[in-house]
Amino acid sequence: PPHVWVDPPPPPLSLGGLHDVAKLGAAMRSRYFVPGCTQTSTCLGDNEEVMDTVRAESSGLARTLGTAQALMRSLLPDPLRATAAGLALLPTPVYSRLDGQDTLLRAYTKCPAHARRIARWHSSEEFGTKAADSLELRRKVHAALDKFLPPGELPPSVEDGATPLRDWWNAYDALDVAINANASDVAGAGDGSPADEELRALLPAAMQLAAWVEARKFGAELASNTCGSALLRDILKAISSPTGPKLRHYSSHYPTMLCALTSLGLSVDSGSADDTWLGDHLLPTGSALALEVNSSGLVRLYFWHANDVLDAVPGAHPKGWTRLMQPCGPDGQRSEWCSRVGFAGSVASRVLATDADWCRACDNTQLDVCRAAAAEHLVPMAGAVVPSVLVGLAIVLLVGLLLVRRRTRPRRQGRPVVTEIGGCSVPAFLSQRQSKPHAVDANRV
């Protein structure tokens, strides 16, 4: 089964993260469901119909699955679902797959060619300069964690009295969890004490440094189109289908969201000033990307978050929904919206067309799909070359990523059983009359 029990179990979702997910669910409900959506002309349609046509997908990890369930309970609380007396409130299935075979939402963990490019980057002049410039901050964070964390919980690797820059995510994550964990063992963390203030004072700068590292790891130069292609192909297929769910929801970690953005043509190294924010702060827990397709065929991309830490980061997007400029068409010209045809053409020019192409680009010979492709002589596995930038780049989520599309559908006869959507923490998309959404959210790796 895809959901394997691990002993000891992985760390639980943080209390702060769950609060952010609840805010996201409420924001989606207000934006896409009656009556709130009538104020913004973003209704997906009749509430009952929309709830009956939602598809939720998650990577097969405990925290992404848990985030999905938490989001759906916030998005569709019992009073909204209980439209008939005595009606059984059935959970909506959350679809996932074996993590070891997941290239839809976890391709970034299965690409040897990408890993080699990251390793070479760690030896580059750019990386060395950043390591030197950030040494003082990294020492301060290491000292604070050494002071407050219980024995054995400090990030294991230490160089020059600090966590190495290549492992910086571990230090940032330890700091963030110490402050926001549900039941932290860190003395003073999260209680407003001087110790708590000392930790919190370091968090914005620690997050910015983590964003600098992670945005480049999953950006156009290092990741190229190797980690977001399968997800974007899935979304393109949904956009082109006249039937199917009005809301499609993907729950994943922040690298998936960065990879999706890269495949859309947005990344920290795209060369566009519109994308520099990706290197200034991480996509926080409970954040979401939403692709909205309206009844006129216009596609818009939104980013949503409700994270307080970003208030202290210069240039960060404000809380709530922010429309992102996106490339449209093969020339990569940016706009606040794309036609469905222009969006499909833009994405198709960037993503790898098939799983076999992905196997070749990543030099992966181990996954089932790659073994099958090699057996059929579809993929020459040796000497594969991956371009350093996306084709036609002008370019995650989910992390997370959410796509919504409005469409007209004949009313069904009778009272259908209302299902509860269980999925990932991702925002829904709005479309102007009836829509179909896809979503992806940011979770801890």
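Helices, in the sense used here, are DSSP runs of at least four residues, numbered from the N terminus. The model shown in these close-up views is predicted.

View 1. Glu48 belongs to helix α2, which covers residues 47-51. Because its relative accessible area of 14% falls under 20%, Glu48 counts as buried. Phe33 stands 15 residues away from Glu48 along the chain, and the C-alpha atoms of the two are separated by 9.7 Å.

**View 2. The largest cavity and its lining.** The largest cavity has a volume of about 60 Å³, and its lining consists of Thr103, Ala107, Thr226, Ser229, Ala230, Arg233, Asp355, Trp358 and Val369. Sorted by class, the lining has four nonpolar, three polar and two charged residues.

**View 3. The aromatic pair of Tyr108 and Phe218.** Among the 10 aromatic pairs counted in the model, that of Tyr108 and Phe218 is edge-to-face, with 5.5 Å from centre to centre and 80° between the planes. The pair links distant parts of the chain, 110 residues apart, since Tyr108 lies in the loop between β3 (94-95) and α5 (112-122), and Phe218 in the loop between α9 (194-217) and α10. Tyr108 is buried at a relative accessible area of 12%, and Phe218 is buried at 6%.

**View 4. Arginines over tyrosine rings.** The charged end of Arg31 sits over the ring of Tyr302, 4.6 Å from its centre, and Tyr302 also forms one aromatic cluster with Tyr32, Trp304 and Trp321. Arg55 lies over the face of Tyr95, at 4.2 Å from the ring centre.

How values were computed. Residues are numbered from 1 along each chain as its sequence is written. This is a predicted model: local features need pLDDT of at least 70, side-chain atom pairs count only at pLDDT 80 or more; totals for chains, interfaces and linings use all residues. Side-chain values use heavy atoms; hydrogens and water are left out. On a 1 Å grid over the protein atoms alone, a cavity is a set of points where a 1.4 Å probe fits but cannot get out, and a pocket is an open set with protein on both sides within 12 Å along at least five of seven lines; lining residues have an atom within 4 Å of a point. Grid points are joined across faces, edges and corners, and a volume is the space filled by probe spheres set on the points. Ala, Val, Leu, Ile, Met, Phe, Trp, Tyr, Cys and Pro count as nonpolar, Asp, Glu, Lys and Arg as charged, and the others, Gly among them, as polar. Helices (H or I, at least four residues) and strands (E, at least two) are DSSP runs, numbered from the N terminus. Buried means under 20% relative accessible area, exposed over 50%, partly exposed in between (1.4 Å probe, protein chains only). Rings of Phe, Tyr and Trp (its six-membered ring) pair if their centres lie within 6.5 Å; planes under 30 degrees apart count as stacked, over 60 as edge-to-face and the rest as tilted. A charge sits over a ring if NZ of Lys or CZ of Arg is within 6 Å of the ring centre and within 35 degrees of the ring normal.
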